[in-house]
Amino acid sequence: MAKPLIQMALDSLDFDATVALADQVAPYVDIFEIGTPCIKYNGLKLVEELRARFPNQLILVDLKTMDAGEYEATPFYAAGADICTVLGVSGLATIGGVINAAKAHNAEVQVDLINVPNKVECARASAEAGAQIVGVHTGLDAQAAGQTPFGDLQDISDLGLDVRVSVAGGIKQSTVQQVVEAGADIIVVGAAIYGAPSPAEAAREIRELVDAAAV
Ligand SMILES: O=C([C@H](O)CO)[C@H](O)[C@H](O)COP(=O)(O)O
């Protein structure tokens with residue numbers, strides 16, 4: 001089994017704290033996600049800073065674009081993003097716009113299935129349109145209401161589409177094995193790392209668990 005990538009969600013609003021956290025966990029993660037509140041607050045400057053500091057990690061900018069796909073995503077790819085996200089609920093015109101922007105920068109697109117009523121249909125259409133990643137995602141508010149991404153992950157993974165499947169939504173040490181076995185290609189972890197007493201130690205544990213589960 002190919003080893004899934006670990007994506008660290010940087011969800012603070014504080015520029016310097018975000019860079020410092022990224023420094024701590026860098027040895028253990030493959031992708032830095034600049035989370036939606038963080039990118040709205042800090043903008044392109046943070047993409048440029050992380051791009052310059054971390055040539056060995058991919059950078060995902062969690063734009064969650066809803067309209068004007070190509071126009072909105074283009075400057076973030078130009079600043080160094082490897083992946084930008086677009087909402088599945090935005091529809092194929094907007095998704096196609098972000099795909100155009102990604103193509104122009106030799107980069108990738110993730111369609112976020114958050115709050116999409118028919119996730120299977122959206123995942124199929126996104127793959128056909130040329131997205132490289134679909135994200136099964138239980139957002140922070142839905143997590144607070146008790147929801148999890150596990151059932152949807154299995155449904156999307158079982159489709160066997162020609163896309164990588166990302167999973168986000170409260171993933172922690174005790175659920176890593178479950179999401180690896182369900183077929184996740186990218187495992188997103190936010191609070192379980194940044195909320196830990198030692199984020200570096202938590203990231204190291206997650207790395208070990210992912211690598212062990214993927215053997
Ligand atoms: O994408 C996220 C959320 O919608 C805020 O933008 C989180 O980064 C993502 O859910 C991962 O964080 P955890 O759920 O805390 O692992």
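Predicted model: local features only at pLDDT ≥ 70, side-chain atom pairs only at ≥ 80, totals over all residues.
**H1 and H11**

- The crossing in which H1 passes H11 is right-handed.
- On the H1 side the contact involves Leu21, Gln24 and Val25, which meet Pro199, Ala200 and Ala203 of H11.
- By class, the residues of this contact of H1 with H11 are 5 nonpolar and 1 polar, with no charged residue.

**H1 and H3**

- H1 also packs with helix H3 (residues 44-53), at an angle of about 25° and with the axes 11 Å apart.
- This angle makes H1 roughly parallel to H3.
- H1 and H3 cross in a right-handed sense.
- From H1, the residues Phe15, Thr18, Val19, Ala22 and Asp23 meet Lys45, Leu46, Glu49, Leu50 and Arg53 of H3.
- The contact of H1 with H3 has 5 nonpolar, 1 polar and 4 charged residues.

**H4 and H5**

- Helix H4 (residues 69-78) and helix H5 (residues 92-104) have axes that come within 7 Å and cross at roughly 30°.
- H4 is therefore roughly parallel to H5.
- The crossing of H4 past H5 is right-handed.
- In H4 the contact residues are Gly69, Glu70, Ala73, Thr74 and Tyr77, and in H5 they are Thr94, Gly97, Val98, Asn100, Ala101 and Ala102.
- The residues of the H4 contact with H5 divide into 5 nonpolar, 5 polar and 1 charged.

**Largest pocket**

- The largest pocket holds about 540 Å³ of space.
- Its lining consists of 35 residues, and those nearest the centre of the pocket are His137, Thr138, Gly139, Leu140 and Gln143.
- Helix H7 (residues 140-144) contributes the most to this lining, giving 4 residues.
- The lining of the largest pocket comprises 14 nonpolar, 14 polar and 7 charged residues.

Terms used. Residues numbered from 1 in each chain as written. Heavy atoms only, no water. 1 Å grid on protein atoms, 1.4 Å probe; cavity = no way out; pocket = protein on both sides within 12 Å on 5 of 7 lines; lining within 4 Å. Points joined across faces, edges and corners; volume = space filled by probe spheres on them. Helix = DSSP H or I, 4+ residues; strand = E, 2+ residues; numbered from the N terminus. Nonpolar A, V, L, I, M, F, W, Y, C, P; charged D, E, K, R; others polar. Left-handed = near helix turned anticlockwise from the far one by under 90°. Contact = heavy atoms within 4.5 Å. Axes fitted to C-alpha atoms, helices over the stretch in contact; angles between N-to-C directions. Parallel < 35°, antiparallel > 145°, perpendicular 65-115°, else oblique.
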